[in-house]
There are 2 protein chains.
Amino acid sequence: MATTRSQAAADKRRQILDAAVITFSDRGFHACRVSDIADQAGVAYGLVYHYFASKDKILDTLFLERWTVMLERIREVDAQAVPAREKLWAIASFIVDSYRHDPNLMKVIIVEVTRAANSFGARHMNEIREAYVLLGQIVEKAQAAGSFRSEVAPQFAALAFYGAIEQVLTGWIFGVLAQGEAEYEQAKHYIVETICGGLDARE
Amino acid sequence: MATTRSQAAADKRRQILDAAVITFSDRGFHACRVSDIADQAGVAYGLVYHYFASKDKILDTLFLERWTVMLERIREVDAQAVPAREKLWAIASFIVDSYRHDPNLMKVIIVEVTRAANSFGARHMNEIREAYVLLGQIVEKAQAAGSFRSEVAPQFAALAFYGAIEQVLTGWIFGVLAQGEAEYEQAKHYIVETICGGLDARE
DNA sequence: ACAGCCCTTGACTGACCAGTCAATCCATAA
DNA sequence: TTATGGATTGACTGGTCAGTCAAGGGCTGT
């Protein structure tokens, strides 16, 4: 069939990307060599450069693939007619589930891109900023509707919400926070409860 | 006098550390060369190795110098007989003021150490974890005293609080969040208000 | 059957840079 | 004045690694 050849090529490309996730995650982008990725993928060194123009482009691809899906998910959630608290829960849930599904990939995205202000973070600033903007809009609409109070600027609330999520993932990545099915669900609840409910005791 | 010589040596050492802050901050730890630091400090390449065993040790020194002060400040704040909300405000205030006083240093600490899970973050995991532990204890005591509700695990609340702060600093570092005297003060208020008060509207 | 083309290989190159070291400088003390 | 030893210099070395390239392999369509 006509697609066999191109299908095989797509598979090889994917094979290299998957190997890169493991390699970047294990040793870090800077510390690992392109030959490590090739070894991990079980292909020759040169083949990596047949599919990707540079080592950088591999990480760009991994980041954009996943980040784009996340942005779409945020837009989709925001379009639903549910309370803001539920929207935030759905977004926290999506990110936590992304980690559950592929912790290595999320580690790479967070450690090497969203937190790397000097290298990849700067290159993908627009995509990262877009997430803050979308989250800010959710908060802003909730404030206008009266379900969130207006004490905190929407843009700022978005940062705090996303920051709490990223810090929890970082806790898992560093191994300072317990992991497991129950912990993942618990985390979603805690994140929303902290940001929406606050720590203060009820009068 | 007897201290002239050793004083001059201490000054040179400080000069190199200050130059490293600027250089690491501008280009990132991995992207910059030791010769950049020497140039920035106005000293010969070899002198850097007279004062520091390696490029890594320079970053270790910068991080530990500042982190130790922060941990002390957290302990000091916790020892005071004030409400937990005020304790958290004082800590957020200290970190924001650290950024105000030396944004480059805080950028280096956050970008190259506390968020670098594969390299320096792993090496300084104990010091980083200690901050979470101390913050968790503040929350725990407040919950026991009834001023914070017990819905969220203390350890988790600590992550969310610290995560919100770090995300705000990252916003400033990336240039996606407005900076200035008013913004710094505003940020302290927003952080505490979000984490303690929550976003939900009051009934 | 076979020509064409893309896939695949891995040795090689050129550049880069952390860390070394032998030589020199100079403040201090005897 | 002169000896001592830490401070200072910068050329050099050794190793690393991203990216290149020329050659071989095998699928595909005619």
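**Exercise 1. Find out how many helices and strands chain A has.**

Step 1: Chain A has 10 helices and 0 strands; helices (H or I, at least four residues) and strands (E, at least two) are DSSP runs, numbered from the N terminus.
Step 2: Read from the N terminus, the order of elements in chain A is α-α-α-α-α-α-α-α-α-α.
Step 3: Along the principal axes, the C-alpha atoms of chain A fill a box of roughly 65 × 40 × 35 Å.

A word on the model: it is predicted, so local features need pLDDT of at least 70 and side-chain atom pairs count only at pLDDT 80 or more, while totals for chains, interfaces and linings use all residues. Residues are numbered from 1 along each chain as its sequence is written, and chains are lettered from A and ligands numbered from 1 in the order in which they are written.

**Exercise 2. Describe how H5(A) and H9(A) pack.**

Step 1: Two packed helices are described by the angle between their axes and the distance between the axes.
Step 2: H5 (residues 84-101) and H9 (residues 154-174) of chain A pack at about 25°, with axes 11 Å apart. Axes are lines fitted to C-alpha atoms, for helices over the stretch in contact, and angles run from 0 to 180 degrees between N-to-C directions.
Step 3: H5(A) and H9(A) are therefore roughly parallel to each other (angles under 35 degrees count as roughly parallel).
Step 4: Look for Leu88(A), Ala92(A), Ile95(A) and Tyr99(A) in H5(A), which meet Phe161(A), Ile165(A), Leu169(A) and Trp172(A) in H9(A). Two residues are in contact if their C-beta atoms, placed from the backbone, lie within 7 Å.

**Exercise 3. Work out which rotation superposes chain A on chain B.**

Step 1: A rotation of 180° with 0.0 Å of shift along its axis does this, with an RMSD of 0.0 Å; copies are superposed by least squares on the C-alpha atoms of residues with pLDDT of at least 70 in both.
Step 2: That is the relation of a two-fold axis.
Step 3: Gly198(A) is the residue of chain A that comes closest to the rotation axis, its C-alpha lying at 1.8 Å.

**Exercise 4. Find which element gives the most to the side of chain A that touches chain B.**

Step 1: The contact takes 50 residues from chain A and 50 residues from chain B.
Step 2: Elements giving two or more residues to this side of chain A are H6 (103-114), H8 (125-145), H9 and H10 (181-197).
Step 3: H9(A) gives the most, with 14 residues.

Key. Parallel < 35°, antiparallel > 145°, perpendicular 65-115°, else oblique.
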